[in-house]
Amino acid sequence: MSELPSPEQILNVLTSILEPQEKKSLVDLNKIRDVVVKPSGVVSFSLVNPSSSYRDALIEQCKSAIKTLPAVKDVWVKVITETPAIAKDSATSVGTGVGIEGVKHILAVSSGKGGVGKTSVAVNLAVTLAEMGAKVGILDADIYGPNVPVMLGMDAAQIQVTKNAEGLDIVEPAFNHGVKMISMAFLIEKDQPVMWRGPMLNGVIRQFLYQANWGTLDYLIVDMPPGTGDAQLTLTQSVPIAGAIIVTTPQTVSLLDSRKGLKMFQSLNVRVLGIVENMSYFIPPDMPDKQYDIFGSGGGAKTAAELDLPLLGCVPLEIGLREGGDRGIPITLSHPESASAKALKAIAQAIALKVSTSEA
Ligand SMILES: Nc1ncnc2c1ncn2[C@@H]1O[C@H](COP(=O)(O)OP(=O)(O)OP(=O)(O)O)[C@@H](O)[C@H]1O
Ligand SMILES: [Mg+2]
């Protein structure tokens, strides 16, 4: 007897079905939820807010697509109505989509504006959590500037693909500093501009999430490209996110952009754990007791208060942090006593605490 499909395979076949008005995939629009494959061969899922004029046709298309998969006996579709207000006000951290087997918490490190220090925060968070004894993976989902391999000293890593028992391609993560890593850089020639369209990006991110040998992980940290584009949408609609972390700098423009990031996560029903203010102040290497507020001060705290979010911490601008990134040894490992390393470690602890207390 052939094996039942997994929920991911169900979502994969449904990706091809378009919402007639928006002409986008139902999966991309997050209209398919709660996919369950019962041992009896019955597949059930919820369809969110289909317009009554084409509801029945859509249901039929979904059923036919799913029935092309082996061992599927029947398909049950539940139509649910959801108003944006409900999604916005929800205090839960559920996100959407199907979890990755063996992976406990998925964290997204995001920012509205580029260059604010997402990747620096993400890699230091990863190695600190690993040092604390957690099993950690990092997915570099930044198609436009996949810098994680360099910052974690894995820039020589090559993509390794094996086949699993079902003949499915499985990507093997690289490993350094106690952290497993898969990067978009695996797929991109150095110095080549990337002009991928949404669906292709969508496919690769989903493959890196589901068809990777992550093993058991306490945390999978996803380093996002800047902004509120396709990658954010794909991630939040593919897997349940335990929390998003928004990185900002104290300048007004960056703070304004972080509001957009927050709004996006809220509208996608993803819990935002808090704000990290990076480059909060400059510490001159020859005068470590001095602080200069190059980009202004207090902006992160003010924005966090206005948005009703916790300020997870403030990381100073230090030459050692940049050097650590360039050398592939994050500052929390190379200079654990520095002010920025201490701030980053405290942020990692605050995040771990938030994630574990939300389970209670
Ligand atoms: N606190 C800091 N002190 C010194 N240098 C920093 C600090 N934070 C980040 N940098 C440096 O600034 C540059 C940009 O940081 P990073 O790549 O982490 O930002 P990003 O938000 O991920 O950028 P992108 O949007 O391009 O992905 C890097 O060279 C990094 O080493
Ligand atoms: Mg980055």
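Contact here means heavy atoms within 4.5 Å of each other. The structure is a predicted model, in which local features need pLDDT of at least 70, side-chain atom pairs count only at pLDDT 80 or more, and totals for chains, interfaces and linings use all residues. Residues are numbered from 1 along each chain as its sequence is written, chains are lettered from A and ligands numbered from 1 in the order in which they are written, and side-chain values use heavy atoms, with hydrogens and water left out.

The protein chain splits into domain 1 (7-82) and domain 2 (103-357), with bounds taken from an automatic or database domain assignment. Their C-alpha centres sit 32 Å apart. Where the two meet, seven residues of domain 1 are in contact with five residues of domain 2. Putting them together buries about 630 Å², with carbon and sulfur atoms giving 39% of that; this is the accessible area (1.4 Å probe) that two parts lose on being put together, summed over both. On the domain 1 side, Glu8, Asp28 and Asn30 lose the most area to domain 2, together 58% of what that side buries.

As for pairings across this interface, one residue pair is in polar contact, with both residues at pLDDT 80 or more. A polar contact is a pair of N or O atoms within 3.5 Å; within protein, one must be able to donate a hydrogen and the other to accept it, and residues adjacent in sequence count only if both atoms are side-chain atoms.

Turning to ligand 1, 17 residues surround it, each with a heavy atom within 4 Å of the molecule. The closest are Gly115, Lys118, Thr119, Ser120 and Asn278. A polar side-chain atom of Ser120 comes to 2.6 Å from a ligand 1 oxygen, while one of Asn278 lies 2.8 Å from a ligand 1 nitrogen.
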